[in-house]
Amino acid sequence: MLKTYQYPKFTYQRPPELSLGENRMTKRFPVIVVGAGPVGLACAIDLKQQGIDCLLIDEDDTVSIGSRGVCYAKRTLEIFDRLNMGNDVVNRGVSWQRGRTFFRNDEVYHFNLLAESGHERPAMINLQQYHLEEILQRRAAQAQVDMRWRQKVIAVDHSSVDVGTHTRTVQLQVESPDGVYELSCDWLVVADGARSSIRRMMGLDVEGKVFTDRFLIADVVMQADFPSERWFWFDPPFHRNQSVLLHRQADKVWRIDFQLGWDADPEEEKKPERVIPRIQAMLGEEHRFELEWVSVYTFQCRRMLSFRHGPVLFVGDAAHQVSPFGARGANSGIQDADNLAWKLARVVKCQSPERLLDSYNQERVCAADENILNSTRSTDFITPKSSVSRVFRNATLDLANHFPFARSMVNSGRLSLPTHYLDSLLNTADLPSDHFACALYPGSPMCDAPIMVNGQSSWLLRNFNGRFVLLFVKGDEVSDQVVNSEAMKRWIESANIHLIAIDLLQQPRASNDQDPWIKTRLDLQPGNCWLMRPDQHLAARFRKAALDPLMKAFERATGQIEQPAASTRDVAPEQAVAPISGSLTGALRIEPNFKDFDTPVLRDYQGNDRFYDMLINAHRNLSDDASSALNARLLLLLANHIGDVSVLQQAIEAAKAIQTSTSYKE
Ligand SMILES: Cc1cc2nc3c(=O)[nH]c(=O)nc-3n(C[C@H](O)[C@H](O)[C@H](O)COP(=O)(O)OP(=O)(O)OC[C@H]3O[C@@H](n4cnc5c(N)ncnc54)[C@H](O)[C@@H]3O)c2cc1C
């Protein structure tokens, strides 16, 4: 029982299939979604909004128990806006954008996730997962999603063929309180969580890392005037050699995560007589609190090799899992749903071929790899796995106290950001003559900006309503004629595209001497056309409007143009790290490179000798531990000075390539 929250109980209803006579045909659903966690709920709402009749089933009849997800990122809130529930989530949660990081007694780093104005949604909100799921469930009910509670999928067959229509069908066996029955569907969306039983029934693997560390979660109710910020401590005096995280949630509930180490006994650590003194030491004697929830968790960073298996599509934790540092679990799962729903809707409505769903796999596997990479790096920094990684971690924190460069290396969690699908086969590349000086590219999620459209002030993303959108900037004579032509109007109508035509002169700006927000963020000029997908990712953009290129871009974005097979990362996540490329291509110098001194005192002119001497002197009288800490600080300072990751990578490889059989101490 929680003090601030009562779990709802959703009504079980006897499934109609159990009342059908022996020979009656059961209904075949276009889509069934299994699992009414945040991801399954978001997917079902989205599909319903896209006009798809889908059934959502869950083995439970309430929301997520205890303390799990807390932080929901701006991009997720923008998706919730499209699902018509953004205000409910933002108003219920605690908005924040600043984070502070401490090492022992000192603050070493702080960040602001959204330093600029002109955005409707905050960088983050904190909200207990049960509140979020309740809001999603309410919205699903309002959207008339067919939801069934206390119905557990116990068997799945995705290779059967419907005898009547000779088409492929997915058969499910479902256990309800009134007995077992069968369901069938054309498409199955699997959102049954990290321990996915459907994944297991289908014999599919997840690959990646399992971390050997334990964290204690304590939710406490307290009146405290701490600001709404994320506070993270490395090795604080009140919890030596471990880390601690503090977040404010709704209803004066504060979430505290204590790193415990792998050897900790979870059952012992959960006892109030162990938890309360820990919290009191952290908050100080003056703060009174009541325990709301205590649990111990471990975590994994891993994913399935492929998220599509014929008519079965995996989303959320069923497809991939990350550590909680960076809040990438539910956020990325909801982005899976955002990516999948419009594509599945088009395929169900026969507007696009099935291969459009391969792009779900391609784009979201890429996103999962990005999330796993970030989450693994944060976890390695927060919970170093070897003495040498602890030395480098602490050296970074020490340097951060003095040098700004090291602050950006402090990794207490790189918080969830949406993936830019830069390699997607659905993108149309910019024309060589169409350079856009902005941070968005084909495949990027659109950024928000205040806009004035049809004389009304609004937000750009608010005007994207789950359809393809054509954003057109008026004021270029030729482009105006193209967009107003009968042919363009016919195409826009037949393709069900939402046209937003704006006049740059009327667009809101931060101040009179600045360009409008939207002009700066998208580098817009009169005549420009941006084609956006229903999930608000950019499909194509042109400096001048022309019908043919727009039609081609739309066909590509909807999977209607056959493309070479997606070069998706069909490899395990740890092998999917992008190679270093771009401008960082310097070569490591291995020929002598020390400069000799142009000094009249000839006895000390050789740079290499002088450096060696300085190095040995710096280590004189230091213990082994102090020496290795000094080396780590030195290496980090020099690495920052070099600043070219490609050179540094070559240096690491050159150093590793020299095989020695003896220890340097011998
Ligand atoms: C300590 C902790 C902190 C976290 N913090 C964050 C955070 O700050 N931000 C964030 O974005 N994420 C966070 N996460 C991750 C987040 O909780 C998960 O990513 C999220 O719950 C995944 O949602 P899901 O819908 O995929 O799966 P789940 O939430 O696990 O839902 C799965 C659903 O499937 C149902 N089900 C299972 N099997 C069956 C079956 N056979 N038949 C029918 N129904 C079935 C279950 O009853 C359940 O309702 C955190 C997780 C933890 C543990």
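Two strands count as paired here if DSSP finds at least two bridges between them. Helices (H or I, at least four residues) and strands (E, at least two) are DSSP runs, numbered from the N terminus. The model is predicted: local features need pLDDT of at least 70 and side-chain atom pairs count only at pLDDT 80 or more, while totals for chains, interfaces and linings use all residues. Residues are numbered from 1 along each chain as its sequence is written.

**Overall layout**

Let us start with the domains, whose bounds come from an automatic or database domain assignment. The chain is divided into domain 1 (27-94 + 114-205 + 301-378), domain 2 (215-298), domain 3 (450-557) and domain 4 (575-666). Taken over C-alpha atoms, the centres of domain 1 and domain 4 are 49 Å apart.

**Strand pairs**

Strands of a sheet pair through backbone hydrogen bonds, either parallel or antiparallel.

| Pair | Sense | Bridges |
|---|---|---|
| β5 (residues 98-103) and β6 (residues 106-112) | antiparallel | 6 bridges |
| β5 and β14 (residues 230-234) | parallel | 5 bridges |
| β4 and β7 (residues 124-126) | antiparallel | 3 bridges |
| β12 and β18 (residues 300-304) | antiparallel | 5 bridges |

Gly99 has its bridge partner in β6, Phe111, and Arg100 has its bridge partner in β14, Trp231. The hairpin of β5 and β6 has 2 residues between the strands, and Arg104 there takes a positive phi near 55 degrees.

Residues are in contact if their C-beta atoms, placed from the backbone, lie within 7 Å.

The other open sheet of 3 strands runs in the order β12-β18-β21, again with antiparallel pairing. Its edge strands, β12 (206-210) and β21 (320-321), each pair on one side only. Gly208 has Arg302 of β18 as its bridge partner. Helix α9 lies across β12, β18 and β21, running at about 165 degrees to β18.

**Helices α8 and α9**

The axes of α8 and α9 (residues 356-382) come within 9 Å and cross at roughly 175 degrees. That makes the two helices roughly antiparallel, a label for angles over 145 degrees. Among the contact residues are Ser332, Gln335 and Asp336 of α8 and Leu356, Leu357 and Ser359 of α9. The residues of this contact divide into 8 nonpolar, 5 polar and 5 charged. (Ala, Val, Leu, Ile, Met, Phe, Trp, Tyr, Cys and Pro count as nonpolar, Asp, Glu, Lys and Arg as charged, and the others, Gly among them, as polar.)

**Around the ligand**

The ligand is surrounded by 34 residues, and the closest are Gly35, Gly37, Gly193, Gly316 and Gly329. Helix α8 gives the most, with 4 residues. By class, the shell has 15 nonpolar, 12 polar and 7 charged residues.

Conventions: Near = placed C-beta within 6 Å. Axes fitted to C-alpha atoms, helices over the stretch in contact; angles between N-to-C directions. Parallel < 35°, antiparallel > 145°, perpendicular 65-115°, else oblique. Contact = placed C-beta atoms within 7 Å.
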